[in-house]
Amino acid sequence: DLKVWQVAMQLAAVVYTLTHGFPKSEVFGLGSQMQRAAVSVPSNIAEGHARDSTKEFLRFISIAMGSLAEIETQIILAHKLNYIEESKLAELLEKTGEVGRMLRGLQHSLKAKLPSL
């Protein structure tokens, strides 16, 4: 039910659709890598949300943020290889930025719940 999970799922769906148009030589290369990174973001949000502790949830949010950085890098590379048009690049990076802002907000909120040391 988390909004960040929903937006991350939208991003993953867009990445899957986009990579189906990549050259056949990229089926097991960049396209596959992008798909794995994109699906990792909502998957880690979901897994962390299902855990018993805030500390564990934070760990999975951190992993999701790492996967988001991966997908951003891969999107830029795909653009440099002319697999993604400029307009699609901007759209994708806006979506990754939105997910990133939401993840950082959730991370901040969860950290505030932890007891002070």
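What we have here is a protein chain whose secondary structure comes to four helices and zero strands, where helices (H or I, at least four residues) and strands (E, at least two) are DSSP runs numbered from the N terminus. Read along the sequence, the pattern is therefore α-α-α-α. This is a predicted model, in which local features need pLDDT of at least 70 and side-chain atom pairs count only at pLDDT 80 or more, while totals for chains, interfaces and linings use all residues. Residues are numbered from 1 along each chain as its sequence is written, and side-chain values use heavy atoms, with hydrogens and water left out.

Let me turn to the chain as a whole. Its C-alpha trace spans about 50 × 25 × 25 Å along the principal axes, and of the 117 residues in the chain 39% are buried, buried meaning under 20% relative accessible area, exposed over 50%, and partly exposed in between, with a 1.4 Å probe and protein chains only. Taking contact as heavy atoms within 4.5 Å, 70% of the contacts between residues at least 6 apart in sequence join residues at least 24 apart.

Helix 1, residues 3-19, and helix 2, residues 30-50, pack at an angle of about 165 degrees with their axes 9 Å apart; axes are lines fitted to C-alpha atoms, for helices over the stretch in contact, and angles run from 0 to 180 degrees between N-to-C directions. That angle makes helix 1 roughly antiparallel to helix 2, given that angles under 35 degrees count as roughly parallel, over 145 as roughly antiparallel, 65 to 115 as roughly perpendicular and the rest as oblique.

Which residues in helix 1 meet helix 2? On the helix 1 side they include Val4, Trp5, Ala8 and Met9, and among their counterparts in helix 2 are Gly31, Met34, Gln35 and Pro42. The residues of this contact divide into 14 nonpolar, three polar and no charged, with Ala, Val, Leu, Ile, Met, Phe, Trp, Tyr, Cys and Pro counted as nonpolar, Asp, Glu, Lys and Arg as charged, and the others, Gly among them, as polar.

Finally, two loop residues. Ser25 lies in the loop between helix 1 and helix 2 and is exposed, with a relative accessible area of 63%; its C-alpha atom is separated by 31 Å from that of Gln6, 19 residues apart along the chain. Asn82, in the loop between helix 3 (54-80) and helix 4 (86-113), counts as exposed at 70% relative accessibility, and its phi is near 65 degrees, a positive value in a residue other than glycine.
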